[in-house]
Amino acid sequence: MTRQTVFRLRIFILLIIPFFAIGLNEGANGSLSGKIATYTFTLLFWGIHLFIKKYWLQPVYLRPSLQLFFFPELLARDERERQLTERAGMYAMQVTTLYIFFALMLTPLLPMNGILFIFGFLPFLTGLTYQLTFSHMEHADETII
Amino acid sequence: MTQQQLADRIHVTRQTIVALEKGSYIPSLLLAMNIAELFELPIEQIFFKKESSL
């Protein structure tokens with residue numbers, strides 16, 4: 001599995017999450033409990049993923065394909081690529097922080113569905129930022145002298 | 001020696017060699033020592049600080 005395949009897979013799965021959340025919301029006919037469940041589900045899914053990765057999951061316990069999904073930094077072929085991976089992750093976290101900040105500021109102005117929409121796309125936005133940042137930095141170094 | 005051959009000898013990617021040549025990547029001390037060892041030159045003859053570096 002190449003790095004590009006892993007990144008595309010991550011983006012795809014992160015894109016799926018908000019649609020699950022929106023589907024759950026619709027399934028609950030827009031009731032307050034359904035909306036709260038959707039909101040909680042979306043945040044928990046993303047939060048649990050990060051928590052597991054940070055405190056529990058070790059690459060050695062996983063199959064190689066899963067290792068690459070949860071730890072794309074393992075695909076780095078040398079020290080420069082490891083740095084690029086770390087920087088891409090850092091930029092993604094900065095964008096996520098800004099996104100949450102604006103979402104919270106807009107909360108009083110939005111109906112519940114708007115809030116769901118914003119937070120539902122949070123994982124996707126983070127993943128996309130990560131991918132774009134890494135691709136941009138990688139491309140910048142591809143120039144042949 | 002091509003970029004690819006150099007990269008293979010010091011176990012990095014060709015892109016890293018390109019980045020080093022362009023000056024867009026500062027190597028670790030270990031990588032710099034490996035390159036110096038390969039060319040049998042002192043590190044300071046290969047890597048040096050520009051006046052505008054700081």
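1. A residue is called buried when its relative accessible area is under 20%, exposed when over 50% and partly exposed in between, as found with a 1.4 Å probe on the protein chains only. A salt bridge is a side-chain nitrogen of Lys or Arg within 4 Å of a carboxyl oxygen of Asp or Glu, and for charge Lys and Arg count as positive and Asp and Glu as negative, with His and the chain ends not counted.

2. The model is a predicted one, in which local features need pLDDT of at least 70 and side-chain atom pairs count only at pLDDT 80 or more, while totals for chains, interfaces and linings use all residues. Residues are numbered from 1 along each chain as its sequence is written, chains are lettered from A in the order in which they are written, and side-chain values use heavy atoms, with hydrogens and water left out.

3. E79(A) belongs to helix α4 of chain A, residues 79-106, where helices are DSSP runs of H or I with at least four residues, strands are runs of E with at least two, and both are numbered from the N terminus. E79(A) is buried yet has no salt bridge, and R82(A), the nearest side chain of opposite charge, is 5.6 Å away. Leaving aside residues up to four places away in sequence, E79(A) touches Y25(B), P27(B), S28(B) and L31(B), contact meaning heavy atoms within 4.5 Å.

4. Chain B has 4 helices and 0 strands, and 35% of its 54 residues count as buried. Among contacts in chain B between residues at least 6 apart in sequence, 22% join residues at least 24 apart.

5. H11(B), in the loop between α1 (3-10) and α2 (14-22), has a positive phi of about 60° and is exposed, with a relative accessible area of 67%. E40(B), in the loop between α3 (29-39) and α4 (43-46), has a positive phi near 55° and is likewise exposed, at 72% relative accessibility.
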